[in-house]
Structures are given as C-alpha cells and as structure tokens.
Amino acid sequence: MLPVYIAGCGMTEFGRRREGLVELMREAAARALRDSPVAEIDAIYVAAMNPEEFTGDGNLASGVLDALGLTGLPALRVETASSSGAAAFHAAFEAIASGHYRHVLVIGGKKMTHLSTSATTKILAEVIDAEERRCGATMPALAAMMTEKYRRKYRLTAARLEKLLCAVAMKNHLNGARNPYAQFRQPISREQYLASKFVATPLRLYDCAPITDGAAALILTAEATDLWVSGIGQGTAPLSMRERAEFTSFPATQIAARRAYAMAGARPESIDFAEVHDAFTAFEIIGTEDLGFFSPGEGGDAIEHGRTAVDGTLPINASGGLKARGHPVGASGIAQIVETARLLRGSADVELKREPRRGLSQSTGGLAANNFVTIVERRRDGTRVKNLWPGPLAVSQPAPIGPVPLENVINEEEEEEEGKIETFTILHVTPDGFLPPLGLALIRGRRGSMIMGQAEHIDSLAIGKTVYLRKTAGIYTFTVKSNLQSVRA
C-alpha cells in the first residue's frame, strides 16, 4: 500500500452565506488548489448530505466538476450522513493507497441556513430510524436521551452535568474566537450559557452545534509532502437507538479508533491534539472517552480541569469544533482534517503547549451509526514514511454489534402494555408536524423489547419509572404509573 500525503487545504468561512452550495464548494476547492504544490488532479470526490432536499441540487459531483472547469475527470459523490466529509476523505485515501490515482481533490459542503429551524430539523432527522422519527425524535432528542443516561450511569447531579456541559461550550466558543473561519468568534460566559433555552432537556441551545453554510476541501497525493495520513479507521453501529445495547458510549467510534491506532502504530497517549465531533457538548465528553483519551465517566472532569484546553496536555477542538466553527454537515468531516493540517503546519492562529506532531480527527455519522477516525502526522525532513497498515486480517477485529437479539424485537401480535423508562427527554424544538413540549422516552418492555414512545404528560418523567403503554396508528404513547397505582398493583 502506498503512503498518502496531504498537499493542499482550503475552507470557506462558516456561517450564513449568500452563495449557493456549488459556489461554496468551488471557493473551498480553489483555495485548496492554490495551497497545493500538486498542479494536476486525477479525480474528485464530493461529500454531501441530502442536498436534494436542502437545496434541490442533484447529481452534485457532476455539478461541482463543471463549476471547477474540470469536465472529463472521474467524479463521484459520497454520503454517510454527518460524517460524509470523512467518508469521502477515506475513499480518496484508499484510491491513492491502492495506486489507482495519484492526486485526488476531496470537497464537502452544505447550504442550510435559508430554511426554517423546524424544516432543517426535520430533514436532518431523516438520518435516524424511521420508527423513532415517527414519534417526533430528532438528533437533539436522541443526543439528550444519551446525555441523561450518561448522567444517571455516572451518578452526576443535574447541576454537575450542567456545569460540565457549560465548560465544553465555553471552551469551544473561546477557541472559535481565534479562528477566522468560525461561525461564532465571541467567547460566551456561564451566564449566557444558562440563559439559553432548552432544546431537549438537559441540552440547551449552547449545547448544540449551529445550522451552518460552508465548504472545505483537501488534496490528497502520492507525492511526499510535509503531512502524511498515517492511520484511518471506520466503524458502524445499528441505525436505531432501540437496537443498541449501550447508551453512554459509541462503539462505532471505538471500532474506528482501534483500527486507526493499529494502522498508525499509535496509542491514545501519543496523540498531541484532536478534533472531536461535538455536534452536542455531551458528544465531546463521550468522544474523548471512546477514543481512549480518558476513562469512561472521566471525560467531563478532564475538561473541567483544563486538560483539553488549548494550553492543556491534550487540546480538544482547538478550532472551536462543530460547536463554534459551525457544522455544515457535508463539510464538517473534511473541515476537521483541514484544521488538523493547519495546526500541524503552524498556520492556525493557535499556539499549543508543545509542538504538535500527530493529530487525530473523529467524525460521527447520524447517531454514531457510521463513524470515522483519521490520524495525520507531520513528517520530519528527509524521513522516509513507512505505512504500518498490517492488512485487514491482521488488525484486531472487534466483535460485531448486531444483529439485534430476537427478544428486543417487538412482536406486532404481542404488543407491550407496560415497561420502564430507560432514558428520556422533553423536546422543546420540534420538527414540522409536532408541537412542543414533546416528551419522548426509550422504554424497556416487560419482555425485554425496546420501544420509543411519546409521553401523554411530561410530568414525573424519570429513568426507572414504570409506565403504561398504548399503541395507536403505529405509535406508542405512555403514561407514568403513579405511586398510588404502584401500591394498588
């Protein structure tokens, strides 16, 4: 397998942009081409998430190719939800490592600020399970359920969790203030964080990455440059939250990380900094644990003690992350690697505690259903790069996550009538067709099946509470059993 290097990087400013999707992608590509010593391109890989619904742009690879004036070259589109940028990068890596191409341009972009928040929320929710979506579940709702479960598992009070999430948001907004590409370039205070409205309890507005326009591009090459891609890894998990055995970590990230570390001959402690997919503040905490940087349940303490700050021992999201830089979903996975390259080359407006030589980026697709980890290293002058990839059979393979145990599948003829709340949220920003506040819960039925249901009343929701279930028009609703009812039963 041939070593793969990064030649050029380009990125637009993120935020609310007047330009269309193709124009943004052309701008990012032009900047990458100007930054690159490579003059010729063999192929173009385009990353996008559902542009047909967001902007009406279909056949996007051909459209971008035409806009760049490169008609005739091979071009293809790659999509894995919010990790599409990382997926396109990995596909381009494999094309060069195999010797099929020598120079590949990877572009990712998104245009979404022209739509209403409820319309955008509804489209973004299409990446999650249809049954859960039918109940009104959105990405913030599922993220909030995981956050509440995490709080319960590690015995955090509501005030303690709030403090940790606030620390993540404040750190990343402070980092974004130094980034000329970031959507938000102002620090926030604890008071501002606490004044922000709940989106889905316990997540507030400042816990969620913003709706963003923007694009990013990279040129990968077989010709030696100062940066080489030493490790890549991909992992997947069930699409549905109901089919998962774990609600406080992401096995897909753990799988991807193990593969990337093995390929790079690296360990978590040998990483100098990381860009972690913080679409929600809790995901940064969980992500640092899944990547092996901190033990389970200790990611929040590390942030609170400053270990992940720019001047800490392991800077996380020195760019501001998705939270402050912005999250144009088709571009974010590429933008993370662009930021990694900028830090390694010393071109970012950030000075770390020690000179960085190895950076990691982690990208999440949907509710961590398709995740990627990428390790990039700075090459010392005159050093010959050796690719340490041992081959697919030699890499330690994780145990498969599926299929779902039969007892977790609901038999339509034997509907559950009672169960216990596994985790829950109250959704205050709902997709089109649903009115807030909307109570949602993941419920474990008496026969062990997992059910997503709507609360008939949002009072008294708590993990472990027993509920009555009713199914109407294919949707489960539930009522919490009162203490008096429990005693009578």
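Is the crossing of H7 and H11 left-handed or right-handed? The crossing of these two helices, H7 and H11, is left-handed; a crossing counts as left-handed if the near helix is turned anticlockwise from the far one by less than a right angle, and as right-handed if clockwise. The model is predicted, so local features need pLDDT of at least 70 and side-chain atom pairs count only at pLDDT 80 or more, while totals for chains, interfaces and linings use all residues. Residues are numbered from 1 along each chain as its sequence is written, and side-chain values use heavy atoms, with hydrogens and water left out.

**View 1. Helices H7 and H11.** The axes of helix H7 (residues 139-153) and helix H11 (residues 281-290) come within 10 Å and cross at roughly 60°. Axes are lines fitted to C-alpha atoms, for helices over the stretch in contact, and angles run from 0 to 180 degrees between N-to-C directions. Helices (H or I, at least four residues) and strands (E, at least two) are DSSP runs, numbered from the N terminus. H7 and H11 are therefore oblique to each other; angles under 35 degrees count as roughly parallel, over 145 as roughly antiparallel, 65 to 115 as roughly perpendicular and the rest as oblique. Ala143, Thr147 and Tyr150 of H7 meet Ala282, Phe283, Ile285, Ile286 and Glu289 of H11, where contact means heavy atoms within 4.5 Å. By class, this contact of H7 with H11 has 6 nonpolar, 1 polar and 1 charged residues. Ala, Val, Leu, Ile, Met, Phe, Trp, Tyr, Cys and Pro count as nonpolar, Asp, Glu, Lys and Arg as charged, and the others, Gly among them, as polar.

**View 2. The largest nonpolar core.** This core has 46 residues, and Leu142, Met241 and Ile285 are among those with the most contacts inside it. A nonpolar core is a set of buried Ala, Val, Leu, Ile, Met, Phe, Trp, Tyr and Cys residues joined through side-chain atoms within 4.5 Å. Buried means under 20% relative accessible area, exposed over 50%, and partly exposed in between (1.4 Å probe, protein chains only). H7 gives the most to this core, with 8 residues. Leaving aside neighbours within four places in sequence, methionine 241 is in contact with residues including Leu142, Met145, Met146 and Leu367.

**View 3. Helices H4 and H14.** The axes of helix H4 (residues 84-97) and helix H14 (residues 332-345) come within 5 Å and cross at roughly 70°. That makes H4 roughly perpendicular to H14. Gly85, Ala86 and Phe89 on H4 meet Gly333, Ile334 and Ile337 on H14. The contact of H4 with H14 has 4 nonpolar, 2 polar and no charged residues.

**View 4. Lysine 110.** Lysine 110 is found in strand E4 (residues 103-110). Lysine 110 is buried, with a relative accessible area of 3%. Setting aside neighbours within four places in sequence, lysine 110 is in contact with residues including Leu21, Phe54, Asp213 and Val329. The C-alpha atoms of lysine 110 and serine 332 are separated by 9.1 Å, and these residues are 222 residues apart along the chain.

**View 5. Helices H1 and H3.** Helix H1 (residues 21-35) and helix H3 (residues 60-67) pack at an angle of about 55°, with their axes 9 Å apart. H1 and H3 are therefore oblique to each other, and their crossing is right-handed. Leu21, Val22, Met25 and Arg26 in H1 meet Leu60, Gly63, Val64 and Ala67 in H3.
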